[in-house]
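Student: Could you take a close look at one part of this structure, the sheet and what packs on it, and walk me through it slowly?

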Amino acid sequence: MQEYFDTNKKLWDAKTDIHKDSDFYDLENFKKGKTSLKEIELEAIGDVSGKSLLHLQCHFGQDSLSWARMGAKVTGADLSSKSIQLARALNTELGLDVKFVQGNVLELDQHLEGQFDIIFTSYGTIGWLPDLDQWANVINHFLKPGGIFYIVDFHPLLYMFDWDNHELKYPYFNTGAFEEVEEGTYADPNAGIALKEYFWQHSLAETMNALLKKGLQLIDFQEFKESPYDCFPHMEATENGMFIYGKKELQIPHLFSIKVKKP
């Protein structure tokens, strides 16, 4: 698996240099106080003031820093060294106190100590992981008794599509790694990079059961027919500022969320 992770690290290091200057991430307005968090996760997690929060796969830390602005004691972790380097620089520039850790999320217990009131991950995360059982082990390891884990991510049905050709291309269930070359990025489709990536499909059952098998208790499960991000080809804006792929009347799921609690 190390080849897969090394390849994806190279990809995300390159993406970081592009994303920091993109309109998608709107870094200048973020620095002025704009939150990067969306209403979905803000409503689901609620008041974080005074709570310890671990943000898995944090990219260059905007969500981590946003939670810190709301009063949480935050630690962010990501595979990309470029992302963590930028996150630390932003943390210093903004005068915040977020701890950023570079490392594979599946090996995070080798790089970090302690437990947290909240563990959070969102939007484009588990598709980069081959082993959700180990992912759930890490979550269980770092979660305090009584603590909450929350994930909101793109729905596995959405990941079945070849978005350019409007065709089903990928299986719903996990059949192993897919290898492709990504040109550009979701934040800048015209960016001049073309790099190999490895990704995995994970069904809702696989994701849910990985958490429940650790004894974590399900609090809430949701599916959403729209996305807050215009990050796939041929998405269209809705009346309420969200985005959809495909025909509106089909109402395919775009996101799912899971909230569990450690007894």
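The model is a predicted one, in which local features need pLDDT of at least 70 and side-chain atom pairs count only at pLDDT 80 or more, whereas totals for chains, interfaces and linings use all residues. Residues are numbered from 1 along each chain as its sequence is written, and side-chain values use heavy atoms, with hydrogens and water left out.

Helix α6 (residues 132-142) packs on the sheet, touching β1, β4 and β5, where contact means heavy atoms within 4.5 Å, and its direction makes about 140 degrees with that of β5; axes are lines fitted to C-alpha atoms, for helices over the stretch in contact, and angles run from 0 to 180 degrees between N-to-C directions.

The open sheet holds seven strands in the order β3-β2-β1-β4-β5-β13-β10, with mixed pairing. Because β3 (99-102) and β10 (217-224) stand at the edges with a single partner strand each, one side of each is left without a neighbour in the sheet.

Helix α4 (residues 62-69) lies across β1 (52-56), β2 (73-78), β3 and β4, running at about 175 degrees to β2. Seven of the eight residues of α4 are buried, including Leu65 and Trp67; buried means under 20% relative accessible area, exposed over 50%, and partly exposed in between (1.4 Å probe, protein chains only). Gly71, whose phi is positive, near 105 degrees, follows α4.

How values were computed. Pairing = 2+ DSSP bridges. Helix = DSSP H or I, 4+ residues; strand = E, 2+ residues; numbered from the N terminus.
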